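User: I would like a close look at one part of this protein. Please keep the explanation plain.

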Amino acid sequence: MNVSLAKDLSVYQLVMGVQAPPKPLSLSPATLLSLVRAQIDLLIEQQIAATLWVKLPPDKIWQSELARYQSSVGASSLIYTCQIEESRKGEAGEDKGEERLNISSSPSSPSANYVPVHLPPDSQMRRENFLMVLSPQFCSLILAHRPLKKRKNQTLGKINTNKNQPLLIITTVEGRVIQQVLNSIQQAIAPESSSILPASFICPTVPQGALMNQLLAKQLLRQDEINRQIITVRTNKLEQQNQELHNKEQLKDEYLKNVCQELRIPLTHMKTALSLLNSPNLKPPQRQRYLQMLNTQCDQQNSLITGFLELVQLEQNLEGTTLELVRLSDIVPGVVSTYQPVAQEKGIMLAYTVPTELPSVWCVSGKLRQIVINLLHNSLKFTPNGGQVWVRARSQGDYVQLEFRDTGIGIAENEIPKIFDRFYRVRTTATEDYGGAGLGLTIIQQLLLRCGGSISVKSKLSEGSTFTVQLATVSNIPRAIATENEL
């Protein structure tokens, strides 16, 4: 078969151009699917061999309906399938796709009963989907038009469409409407092309009442089926959201429980020290020791409260924080020089290597210094007298790697996965109390996640630890910035 149309057409405009056109309804794509399925159900049940003109989405859920009809009715049916294709250039450079709409059989079609209709990229049917049934017993048209919805895009200056917006749907069995659409298609056929239907074919004015009753019943059944599917999906989504909220509440309760427990510990020590200070036989050295205990525990509780408030503020404002490009060579040397007196007091060798040619890195504004301070402070705190601490930086692809290595007490293998948890402090058999709120590493991890970085640790007991920070360079835009640009 070799059929071609000499001009482009819009089925929607043809329908709306008839006298007293059917009224379009704003409905969902799910409703369109239920109408198509009900129509196919009727054709199969009544074994109506019809010529179909269709333009449906390429998704399998739609195309399976055509396959279902064709496999049931067989060779007596003929299906014209309209598809948008890219413009094709001829040998002389002319645009074959733009000039007219071509219809021809294709060896790749699933059956000889399928006739592909190739539409040019700018076809008026681009925003339309339809199913037109043509047979002496029954004619119908289901038509969906997607209105052009403008959305300002300041970055690209383009007009975008929302695929989930409602469709203007027309469904009719009126012979006068369908006949006009069919006549317009026939009139647009090029003279050398064959007719798509016998010249004597006329759409029945109104289908038989029995067919209409059956069609209505099938539409109700199909719509009910899709409604139940939609309800199931929404119910599952709500259940998932409720479970996520429940999990968040449990995490929040556990978090508050841990906060209370951590705050109670220094209070217990302070209460003990106060009760001992009331002893009438207390000697001056003992009094001094208990006063020192009070002072230490006050500092510990202050550290807990400060860290807790900082973490809460960080989590509340993390999405709103801005990122900046900074150079490690502008931050690390100053922090190291600040901690040199502490290192010298403990007899620790403290050194750093940060090449000035390293590229700038992304970090939460004003927070890179805090990250370096916290990690360097930890390295010095957990390294005994006479130990060594190194700070080194080097390029690693699209990242800069900042390494803090020490010869300290190390971390047990089973504790390494826990050290970034809130309030977790490394347990040691040593008599020395290292203090701390157990929040520093948690805060560092949150800051690095925000700027597209990461932190990892390798450690062995009594041999030391190595904390490695990965920071994205200027050539590697973090996801946080990419998301902001998209918005």
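Which residues in α2 meet which residues in α3?

Analyst: This is a predicted model. On the α2 side, the residues are Pro-29, Leu-32, Leu-33, Val-36, Arg-37, Ile-40, Asp-41, Leu-43 and Ile-44. They meet Ile-61, Trp-62, Glu-65, Arg-68, Tyr-69 and Ser-72 in α3. Sorted by class, this contact of α2 with α3 has ten nonpolar, one polar and four charged residues.

The two elements are helices: α2 covers residues 29-45 and α3 covers residues 60-73. Their axes come within 10 Å and cross at roughly 5 degrees. Angles under 35 degrees count as roughly parallel, so α2 is roughly parallel to α3.

The largest one has 45 residues, and Leu-328, Leu-375, Leu-376, Leu-402 and Phe-467 have the most contacts inside it. Helix α9, residues 368-381, gives the most to this core, with six residues. Leaving aside neighbours within four places in sequence, Leu-402 is in contact with residues including Leu-328, Val-332, Val-372 and Phe-467. A second, separate core has 31 residues, among them Val-115, Met-132, Ile-185 and Phe-201.

Finally, the cysteines. A search of the whole structure finds zero disulfides. The cysteine sulfur nearest to that of Cys-139 belongs to Cys-203, 3.5 Å away. A disulfide needs the two sulfur atoms within 2.5 Å, so Cys-139 is in no disulfide. Cys-363 is in no disulfide either, with the sulfur of Cys-451 nearest at 4.5 Å. Cys-139 has 1% relative accessibility and therefore counts as buried; Cys-363, at 1%, also counts as buried.

Notes:
Residues numbered from 1 in each chain as written. Predicted model: local features only at pLDDT ≥ 70, side-chain atom pairs only at ≥ 80, totals over all residues. Heavy atoms only, no water. Buried < 20%, exposed > 50% of the residue type's maximum accessible area, 1.4 Å probe, protein only. Axes fitted to C-alpha atoms, helices over the stretch in contact; angles between N-to-C directions. Helix = DSSP H or I, 4+ residues; strand = E, 2+ residues; numbered from the N terminus. Parallel < 35°, antiparallel > 145°, perpendicular 65-115°, else oblique. Contact = heavy atoms within 4.5 Å. Nonpolar A, V, L, I, M, F, W, Y, C, P; charged D, E, K, R; others polar. Core = buried A, V, L, I, M, F, W, Y, C linked by side-chain atoms within 4.5 Å.
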